[in-house]
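Subject: A structure for you to explore

Hi,

Here is the structure I promised to pass on to you. Have a look around it on your own before you read my notes below.

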Amino acid sequence: MTKTARLHADGLRRCPWPGEDPLYIAYHDTEWGVPEYDDRALYEKLVLDGFQAGLSWITILRKRDNFRRAFDDFEPARIARYNAKKVHALMNDAGIVRNRAKIEGAISSAKSYLKIMEDGPGFSKLLWDFVDGKPKVNHFKTTASVPASTPLSIRISKELAARGFKFVGPTIVYAFMQATGMVNDHLVTCWCHDTCAGKKRAPRLKVK
């Protein structure tokens, strides 16, 4: 269904997908589409997008603190050393999404991440070089115009898969690109569209 930017009670127009959920609105306003260049943070987001497969992002967002606790704050060097006992413990952790393939995928991706960091070119540089180091700014007016994947997300997906990353299909990768600001897919009438290229937005809504 085609949707345009939604006017909220605070007078701001936003992309329609957060609805009225305070946590989702805060994420939309302060994180989604803001360029992220930190290597570890990019790994965390890619893994969480993998866990999202088949689910909604708000489900993962509500469990994000649990994921961070369970996965040692997404430190790849620690995750790469997870053994069968740790996997078993994670499979019994009700605070996260208990999917063995995704848990084992996070471990495989951590090992691939470490190789990129050790041998070059670095995870952030590898990803951002695909867009020449700066966000690709789109100008979509409705959600129906926003693609699920693109030729570029297919290229990045193939590159990551070839390097041993798991759960990095073109659709997951495109969602990751949107979230980390590699592409700016805020609708043109959303207040965030003009402000998220290159710097953090000031939070408009805080969740206690």
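Helix α10, residues 170-179, is largely enclosed by the rest of the structure, because seven of its 10 residues are buried. Please keep in mind that this is a predicted model. The buried residues of α10 are Ile-172, Val-173, Tyr-174, Phe-176, Met-177, Gln-178 and Ala-179. What covers them? The cover over these buried residues of α10 includes the helices α1 (22-30), α2, α8 (123-128) and α9 (151-162), as well as the strand β4 (183-184). After α10 comes Gly-181, which has a positive phi, near 80 degrees.

Lys-45 is found in helix α2. Is Lys-45 buried or exposed? Lys-45 is buried, because its relative accessible area is 11% and the cut-off for buried is under 20%. Leaving aside its neighbours within four places in sequence, Lys-45 is in contact with Tyr-27, Trp-57, Phe-176, Ala-179 and Thr-180.

Now for how helices pack against each other. Helix α2 spans residues 39-52 and helix α7 spans residues 100-119; their axes come within 10 Å and cross at roughly 155 degrees. Because angles over 145 degrees count as roughly antiparallel, that is the relation of α2 to α7. The crossing of α2 past α7 is right-handed. On the α2 side, the residues in this contact are Asp-39, Arg-40, Tyr-43, Val-47, Gly-50, Phe-51 and Gln-52. They meet Lys-102, Ile-103, Ala-106, Ser-109, Ala-110, Tyr-113 and Met-117 in α7. Sorted by type, the residues of this contact of α2 with α7 are eight nonpolar, three polar and three charged.

Helix α7 has another partner in α6, residues 84-91. The axes of α6 and α7 come within 10 Å and cross at roughly 135 degrees, and the two helices are therefore oblique to each other. This crossing of α6 and α7 is right-handed. Here Val-87, Leu-90 and Met-91 in α6 meet Arg-100, Ile-103, Glu-104 and Ile-107 in α7. The residues of the contact of α6 with α7 divide into five nonpolar, no polar and two charged. Ile-103 is in this contact, and Ile-103 also takes part in the contact of α7 with α2.

Next, the nonpolar cores. In soluble globular proteins, nonpolar side chains tend to be buried together. Which residues touch the most other members of the largest nonpolar core? Among its 48 residues, they are Tyr-43, Phe-51, Phe-67, Phe-71, Phe-123, Ile-156 and Leu-160. Not counting residues up to four places away in sequence, Phe-67 touches Leu-48, Phe-51, Ile-60, Phe-74, Ile-96 and Val-97.

Last, have a look at Cys-15, in the loop between β2 (13-14) and α1. Cys-15 is buried, with a relative accessible area of 2%. Not counting residues up to four places away in sequence, Cys-15 touches His-28, His-186, Leu-187 and Cys-190. How far apart are the C-alpha atoms of Cys-15 and Cys-190? They are separated by 5.6 Å, although the two residues are 175 residues apart along the chain.

Enjoy exploring, and write back with any questions!

Best wishes

Terms used: Residues are numbered from 1 along each chain as its sequence is written. This is a predicted model: local features need pLDDT of at least 70, side-chain atom pairs count only at pLDDT 80 or more; totals for chains, interfaces and linings use all residues. Side-chain values use heavy atoms; hydrogens and water are left out. Axes are lines fitted to C-alpha atoms, for helices over the stretch in contact, and angles run from 0 to 180 degrees between N-to-C directions. Helices (H or I, at least four residues) and strands (E, at least two) are DSSP runs, numbered from the N terminus. Angles under 35 degrees count as roughly parallel, over 145 as roughly antiparallel, 65 to 115 as roughly perpendicular and the rest as oblique. A crossing is left-handed if the near helix is turned anticlockwise from the far one by less than a right angle, and right-handed if clockwise. Contact means heavy atoms within 4.5 Å. Ala, Val, Leu, Ile, Met, Phe, Trp, Tyr, Cys and Pro count as nonpolar, Asp, Glu, Lys and Arg as charged, and the others, Gly among them, as polar. Buried means under 20% relative accessible area, exposed over 50%, partly exposed in between (1.4 Å probe, protein chains only). A nonpolar core is a set of buried Ala, Val, Leu, Ile, Met, Phe, Trp, Tyr and Cys residues joined through side-chain atoms within 4.5 Å.
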